[in-house]
Amino acid sequence: TRGAWSLVSIASPLLVPPGLSRDTVLGRPGANVTLTCQDKGPVNVTVSWQVEERGAAAVGGRSRRLAEGNALLLRRLRYEDSGRYSCYVGGHLLRSLRLLVEEPPETPRVSCYRRSHDKDVLCEWPLRAKPSPGTRAMLWV
C-alpha cells in the first residue's frame, strides 16, 4: 500500500538460526574462548589441533597446526580467527568445531520520510558501530 513500509531485518552469523549445528562456537572480538576436544578420555595421549581458516577451503584447503592439549585457549579473538578447528590423536580426527567471531548486530533504529507525495521515500539508519563482516540488512517495503 502507498505510504506503508515495514521494519529492517538483520541477518548476521550471530543470529543463530534454528537447527544450527552443535559444532558451532560463537565468540565476540576481544573475548577469550576455550575449545575442548574430548569431555573425557585417556589422559596419556597427545591431542593436536589445527585450523582451516575461513575461506581456506575455496583456496585449496590451507590449514595450520596449533598447540597440543585437550583444551585450546584462544585469547583476544579477532575476526580472522574464524574457521574450522579440528583436534586429532595419532592422525585420527576426534572432533571438529566451527568458530564464528562476530559482533552481535545492533538493534536498528530506522527513520523513513517523504518530502512530498510526489517524492520517493527516504530511509536512514545511523550506525553507532561498524557492523561485522557478513552482516546484511534488508528493508521490506
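**Strands and core of a predicted model**

An open sheet of 5 strands has mixed pairing and the order β2-β8-β7-β4-β5. This is a predicted model, in which local features need pLDDT of at least 70, side-chain atom pairs count only at pLDDT 80 or more, and totals for chains, interfaces and linings use all residues. Residues are numbered from 1 along each chain as its sequence is written, and side-chain values use heavy atoms, with hydrogens and water left out.

Reader: Which strands stand at the edges of the sheet?
Author: Strands are DSSP runs of E with at least two residues, numbered from the N terminus. Two strands pair if DSSP finds at least two bridges between them. An edge strand here has a single partner, so one side is left without a neighbour in the sheet; these strands are β2 (24-27) and β5 (63-68).

Reader: Which residue is the bridge partner of Gln 50 in β7?
Author: Strands β4 (residues 47-53) and β7 (residues 83-89) pair in the antiparallel sense over 7 bridges. In β7, the partner of Gln 50 is Ser 86.

Reader: How many residues has the largest nonpolar core?
Author: Such a core is a set of buried Ala, Val, Leu, Ile, Met, Phe, Trp, Tyr and Cys residues joined through side-chain atoms within 4.5 Å. Leu 35, Trp 49, Leu 74, Tyr 85 and Leu 99 have the most contacts inside the largest one, and its residues number 14.

How values were computed. Helices (H or I, at least four residues) and strands (E, at least two) are DSSP runs, numbered from the N terminus. Buried means under 20% relative accessible area, exposed over 50%, partly exposed in between (1.4 Å probe, protein chains only).
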